[in-house]
Amino acid sequence: MMRQPDWKLRLIQYLSEAARTPFAPGRHDCALFAAGAVEAMTGMDYARPFKGRYTTLKGGLRILREAGFADAVALAAAWLPEIAPAFAAPGDLAVIDTAAGPALGVVQGAGIYVLTPDRLGVVPLLGASRAFRVT
């Protein structure tokens, strides 16, 4: 999986679209948001087998576990090399810990774009517990 030559433009377009798309488990949640960013940059959709197969976050976790993944972070880790969060660059994925469990976001400078039930937000990269390189 390699980033396309125009990955920056593709990522900006994806983030713009994601900001206008309502949160919906199985269609547009934090796991699919991160996977969608990877797809926008590389053309590879590692989450395709899971899209549209669940309507609650609990259901999504169940489907991931049936496929052999502990959670969405484990799915990302199966596809992308892990790096120290301090080395994460724009377009890489980062993990933040939330009250609901770990969530994936997209690194952009000193921040991480994250999808919340209300909107697209930004949290500090310094709060990331893990990161994955999108090559």
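Let me start with helix H1: H1 gives the most to the lining of the second largest pocket, three residues. This is a predicted model, where local features need pLDDT of at least 70, side-chain atom pairs count only at pLDDT 80 or more, and totals for chains, interfaces and linings use all residues. Residues are numbered from 1 along each chain as its sequence is written, and side-chain values use heavy atoms, with hydrogens and water left out.

Terms, quickly. A pocket is an open set of points on a 1 Å grid over the protein atoms alone, where a 1.4 Å probe fits, with protein on both sides within 12 Å along at least five of seven lines; lining residues have an atom within 4 Å of a point. Volume is the space filled by probe spheres set on the points, which are joined across faces, edges and corners. Helices (H or I, at least four residues) and strands (E, at least two) are DSSP runs, numbered from the N terminus.

Back to the second largest pocket. Its volume is about 160 Å³. Tyr14, Glu17, Ala18, Thr21, Arg27, His28, Leu32, Gly36 and Lys51 line this pocket. Helices H1 (7–20) and H2 each give two or more of them.

Now the largest pocket. That one holds about 670 Å³. Its lining has 33 residues, and nearest the centre lie Cys30, Leu57, Ala100, Pro102 and Ala103. Elements giving two or more residues include helix H2 (30–42), helix H4 (72–79) and strand E3 (101–108). Which element gives the most? H3, with six residues.
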